[in-house]
Amino acid sequence: MENYAVILVIMALMIGISGLAGKIKIPVPMLLLIVGIMIGFVPAMPEIEINPEIIMLLFLPPLLYDAAFNISFQQFKTNINTIGTLAIGLVFLTTAGIAVISYYLIPGMTWPLAFVLGSILSATDAVAAVGVTKGLGLSHRTMTILEGESLINDASALVAYRFAVAAVTGITFVTWKASLEFFVVLGGGLLVGWVIFKALALTIGFFRKDAMVVNSLILLMPFVTYLIAEHFGVSGVIAVVVLGLGMSKLSRNKFPDHVKEQSRNFWDIIIFLLNGLIFLLIGLEFPIILRKMAHIQVWTYAGYAVIIVLVTLLIRMARVYLQQLNLQKAFQGKRKISEEALFDSKTSFIITWSGMRGIVSLAIALGLPATLNDGEPFPLRSEIVFLSIAVVLISLLGQGLTLPWIIKKLKL
């Protein structure tokens, strides 16, 4: 009952803060983060440790599904070159960049541990991208690139993480096996998502006039899809994204208007609650992790986190601007590049600055095993978790709070 009361208080706080953010013109996720951190330091506040499985199973499927459902499929297809470059190539590049700086910067950091930290922080977050950029007036193309990248890159990051942790436990890294597993995980997720979408489309076709049954099925299927994909060892993230993209196209062509309206209203409330709750919980988690760190280490590791954020931004900026140039050269060389896929330097900077870390990085970090296979404690676990949460907070607050001002200055 005590936990139940705490959850109700947190939900009420989240709703009130979200309403206040609109009045004082601060992005809702940013204000929720700040208030969550402040509340976490209140002595009477009970510790609420986030279970990473709860994030992956309860929060991630509906949030990914909603983001995929609302993305423009045509824009997604037009910008697939850029989305694929950022969601796959940039993830592995960022993993390596963070690993190198961590290895040479942080005492006691081995190469396998450095790659674990790099993989945790390599992917941008779909929830952060949607939550922070919503209402800022960005073009559909920019939003599609940001959302498309953050919908797909989780799969790349999770594969990199799996192999990095295996290396820490002493399993030899084999390049061809890692490459094969990556394509199996990705392709398997695509297949599972497509099969479930087809099955759901047939079922909805049978019940299409019953709005309650249709919307209940749509609410249930992101969770089912994620669980089935993970059960078969493939990407639940990709499976849910494929389901969302398919359902988006199906709903526009096949759903009656009253079903679409009821579905949209229902999903708006669900996503509002989940979105707000996850940012508040990230803020609440920071004081808990802070208490587990030795006081003398806190400021040192906070400094490391700032350097890591700067490194990820520089790597991202270099890759985004290179992609801009590559697209322009391809278009001028009359390759099969649509003019709509091109973007300018201002858009490149916004894409760079909008690449924030979020709930997936947090969930992966908190899910680090406490012990190795031989029962020994996982090396530098507390330090890696602290760095991950610090980078998420610095990324969200630093980039999120300044993004509206940057967009205004660039006159986008």
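**Salt bridges and their surroundings**

Modeller: Let us start with Glu-149, which counts as buried because its relative accessibility is 2%. Please keep in mind that this is a predicted model. The partner of Glu-149 is Arg-316, and their side chains meet in a salt bridge with an N to O distance of 2.7 Å. Arg-316 counts as buried too, with a relative accessibility of 3%. As a general point, side chains of opposite charge can pair when their charged atoms come close.

Where do Glu-149 and Arg-316 lie? Glu-149 belongs to helix H8 (residues 140-168) and Arg-316 to helix H13 (residues 295-332), so the pair ties together parts that are 167 residues apart in sequence.

How many salt bridges does a search of the whole structure find? The search finds 3. Next comes the one between Asp-66 and Arg-264, whose side chains meet at 3.1 Å, N to O. Asp-66 sits in helix H3 (residues 52-70) and Arg-264 in helix H12, so this pair ties together parts that are 198 residues apart in sequence. Is Asp-66 buried or exposed? Asp-66 counts as buried, because its relative accessibility is 11%. Arg-264 has a relative accessibility of 27% and therefore counts as partly exposed.

Arg-264 also meets the side chain of Asp-268 in a salt bridge, again described by an N to O distance of 3.1 Å. Asp-268 and Arg-264 are 4 residues apart in helix H12, so about one helical turn separates them. The general rule behind this is that an α-helix has 3.6 residues a turn, so residues three or four places apart point the same way. Asp-268 is partly exposed, with a relative accessible area of 41%. Through shared partners, the salt bridges join Asp-66, Arg-264 and Asp-268 into one network.

Now for the nonpolar side of the picture. The largest nonpolar core has 140 residues, and those touching the most other members are Leu-117, Ile-120, Met-247, Ile-359, Leu-368 and Phe-386. Helix H12 (residues 257-292) gives this core its largest share, 14 residues. Helix H12 is also where Asp-268 and Arg-264 are found.

Leaving aside residues up to four places away in sequence, Met-247 touches Tyr-65, Phe-69, Phe-197, Leu-200, Ile-204, Ile-218 and Phe-255. H11 is mostly covered, with 15 of its 19 residues buried.

Helix H5 (80-105) and helix H6 (111-120) are the elements that give two or more residues to the patch. Val-100 lies in helix H5, and its relative accessibility of 40% is why Val-100 counts as partly exposed.

Another residue of helix H5 is Ile-80. With a relative accessibility of 43%, Ile-80 counts as partly exposed. Ile-80 and Thr-144 are 64 residues apart in sequence, while their C-alpha atoms are 9.6 Å apart in space.

Ala-21 lies in helix H1 (residues 2-24) and counts as buried, because its relative accessibility is 1%. Which residues does Ala-21 touch, not counting those up to four places away in sequence? Ala-21 touches Ile-26, Val-28 and Leu-31.

Finally, take a look at Leu-380, found in the loop between helix H15 (359-366) and helix H16 (381-410). The phi of Leu-380 is near 55 degrees, a positive value in a residue other than glycine.

Key:
Residues numbered from 1 in each chain as written. Predicted model: local features only at pLDDT ≥ 70, side-chain atom pairs only at ≥ 80, totals over all residues. Heavy atoms only, no water. Core = buried A, V, L, I, M, F, W, Y, C linked by side-chain atoms within 4.5 Å. Buried < 20%, exposed > 50% of the residue type's maximum accessible area, 1.4 Å probe, protein only. Contact = heavy atoms within 4.5 Å. Salt bridge = Lys/Arg side-chain N within 4 Å of Asp/Glu carboxyl O.
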